[in-house]
Amino acid sequence: MTLAAQIKLIVADAVKHLFADADVKGVTITINQTKPEFEGDYTVVLFPFVKVLRMKPDALGAQLGTYLVEKTGIFTSYQVVSGFLNLTVNDNYWVNFLLNNFNNIHFGEKPGTDCRVMIEYSSPNTNKPLHFGHMRNIFLGAAMAQICKANGKQVVKANLINDRGIHICKSMVAWQEYGNNATPESTGLKGDHLVGDYYVKFNDVYKEEIAQLVAEGTDKDKAEKEAPIMKEAQAMLRDWEAGEMEVRELWQTMNGWVYKGFDDTYRKMGITFDKTYYESNTYLLGKNIVAEGLEKKVLFTKEDGSVWIDLTEDGLDQKLLLRGDGTSVYMTQDLGTARLKYDDYKLSQSVYVIADEQNYHMQVLKLILKKLGEPCADGIYHLSYGMVELPTGRMKSREGTVVDADDMIAEMISLAQTQTEQAGKSDGFTHAELAALYEMIGLGALKFYLLRVDPKKKMIFDPKESIDLHGYTATFIQYAHARICSILRKENVPLLPGNTKFQSTDFKQAITLAEKNIVVALEQYPDVLASAAEEYDPSTLCNYSFQLAQLFNTFYDEHSISKAENEEKKQLRLMMIIMTAQTLRHAMNLMGIKLPERM
RNA sequence: GGCCCGGUAGCUCAGCUGGAUAGAGCAUCAGCCUUCUAAGCUGAGGGUCAUUGGUUCGAAUCCAAUCCGGGUCACCA
């Protein structure tokens, strides 16, 4: 338990003891970190008690403060300032905290439980390469998987590949018509990019055909349906569903190219999955659930044979679950897939990382599953995130207005190189070391950039402005880490914690403010890690890591470790920086960001 | 139009389960490298927390209304 949580209990206890007659059960106790302009470490807000106890805040504060200082041994002094009781924590507490935890590489983690959670993320379509928006999804999902693990959950990382449908046929038709048998080998293009080019080509031709039809006097809506290339795509989809050999072969070939491209991008990003679902295998699922729902009379049939659910009682609309011709819709598949996932892994929770444009769909999905009595319903959570937009508006793959993931990664790595060379910091590394370093910096900056803001907020990314490597960035945190490693090297202390031993245990020196700020922050890490999991929000970890690095930099500027006043101080500071480096590494690793020992 | 999400410094964002004088980064300006890495540190300027009303000892935070921006309300996925 963190100190703030302990203080809350201690105060509750003290109040009960001091004012046995008063009914203080309903009073919520607020413990804050004391503002820097006041003396003290933690603050008890006294106002809530004032009414119940009918005491003046100052008198109450004095009585409570005296009691806490005398009875607990945690605090050395207190001050009451206009309704706030500021408590100063005994330096021994912080020293003991460091002694007990500085070498613990699992600090902040929760013990394992049998709570099994699936996190589905990435879930790409196989008609185009991954872009900047997908990266937000992927990094969010991967980070949440790690964060959940660190909080004691068993995690299944899942990818549901959308490998069939009209959009896939569009790329296929365009390739057939205009591709001249181009392959990744013959063109030197990455497979996903090659296929994506034909998706764009399809839409170019489609637009031209519509324009021509309209020019010939056809109505626009009709033209959109009658355009020859669209009819071809629809015909191809029918052939695909009928299992027509040639179409299936082309489909497998082109998807194979795309998967190779995706694998390459995932590898560069350091992303892995435990389970891959393919929509071509799951798109027929869900029909059973619909049949069962009809039996249970949760669903109903209209005259044309289509199957619906009525959600008007819940303030929503009627929703189609099966077309009149018996074919399934998006929702049908999702119902089936939800059950499949649950049956495959006996899940306690199922997290879907999906953009916020699908909020309504996910709300309806969960509600329908609940009404159907599916056991998976309660565990479903939609981790909804805002879309990444360009200054000119939304990215559109079919118009080619996207920031490509592969390009972005390459650009960031080259930016890392440029800036390292400009700073004159590329000396003394081998080629391989430099390559690794640039990747750490470039990729780290990219991941941090996408994870540092609240997931539900939409982001606007201007490709003309490169992602910064100064200030609130991964680079800042990496730099602090490298500085710490540099000190440890100089002091011959192992960089990896766990095997550091110190002789002296008798620390009597007063802790300075810069020192204390770091230890206080370190002590709060378990709470931050827990809340990142509870809120499904990795940005809290970005924020925390940045603040900790900032505190370290301030400390570093004010105090010397190597030339500490005495051996005792030096050891205390070494413990502090070892634990700081360890905590930064821990938090950043959860987000897939590596910290270099030298940069 | 219904529902959902957002609106905080010039820009990008924290803070939102109510607590002290609203915080960072970028940008601007002024300082700091013979001492463990200046990708850093210190300081300055910059705010009607969209608006109005309400609840409260206390509101950026809760409630209501209004304004602005986005999403969604498909027999597309």
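Is E224 buried, exposed or partly exposed? E224 is partly exposed, its relative accessible area being 30%. The legends below describe close-up views of this residue and others in a predicted model.

View 1. K220 counts as exposed, with a relative accessibility of 52%, whereas E224, at 30%, is partly exposed. Side chains of opposite charge can pair when their charged atoms come close.

**View 2. The side chains of D314 and K371 form a salt bridge.** The N to O distance in this pair is 3.1 Å. D314 belongs to the loop between β9 (307-310) and β10 (318-322), while K371 belongs to helix α15 (residues 359-371); the pair thus links distant parts of the chain, 57 residues apart. D314 counts as partly exposed at 37% relative accessibility. K371 is also partly exposed, with a relative accessible area of 32%.

**View 3. E491 and K570 are joined by a salt bridge.** Their closest N and O atoms lie 3.0 Å apart.

**View 4. Shared partners connect several salt bridges into one network.** The members of this network are K190, D192, D264, R267, K268 and D406. In the whole structure, a search finds 22 salt bridges.

**View 5. Helix α4 packs against helix α22.** Helix α4 comprises residues 91-101 and helix α22 residues 567-590; their axes are 10 Å apart and form an angle of about 60°. Because of this angle, α4 is oblique to α22. The crossing of the two helices is left-handed.

**View 6. Residues of α4 meet residues of α22.** On the α4 side, the contact is made by V95, F97, L98, L99 and N101. Their counterparts in α22 are L572, M575, M576 and M579. Of the residues in this contact, eight are nonpolar and one is polar, and none is charged.

Key
Residues are numbered from 1 along each chain as its sequence is written. Chains are lettered from A and ligands numbered from 1 in the order in which they are written. This is a predicted model: local features need pLDDT of at least 70, side-chain atom pairs count only at pLDDT 80 or more; totals for chains, interfaces and linings use all residues. Side-chain values use heavy atoms; hydrogens and water are left out. Axes are lines fitted to C-alpha atoms, for helices over the stretch in contact, and angles run from 0 to 180 degrees between N-to-C directions. Helices (H or I, at least four residues) and strands (E, at least two) are DSSP runs, numbered from the N terminus. Angles under 35 degrees count as roughly parallel, over 145 as roughly antiparallel, 65 to 115 as roughly perpendicular and the rest as oblique. A crossing is left-handed if the near helix is turned anticlockwise from the far one by less than a right angle, and right-handed if clockwise. Contact means heavy atoms within 4.5 Å. Ala, Val, Leu, Ile, Met, Phe, Trp, Tyr, Cys and Pro count as nonpolar, Asp, Glu, Lys and Arg as charged, and the others, Gly among them, as polar. A salt bridge is a side-chain nitrogen of Lys or Arg within 4 Å of a carboxyl oxygen of Asp or Glu. Buried means under 20% relative accessible area, exposed over 50%, partly exposed in between (1.4 Å probe, protein chains only).
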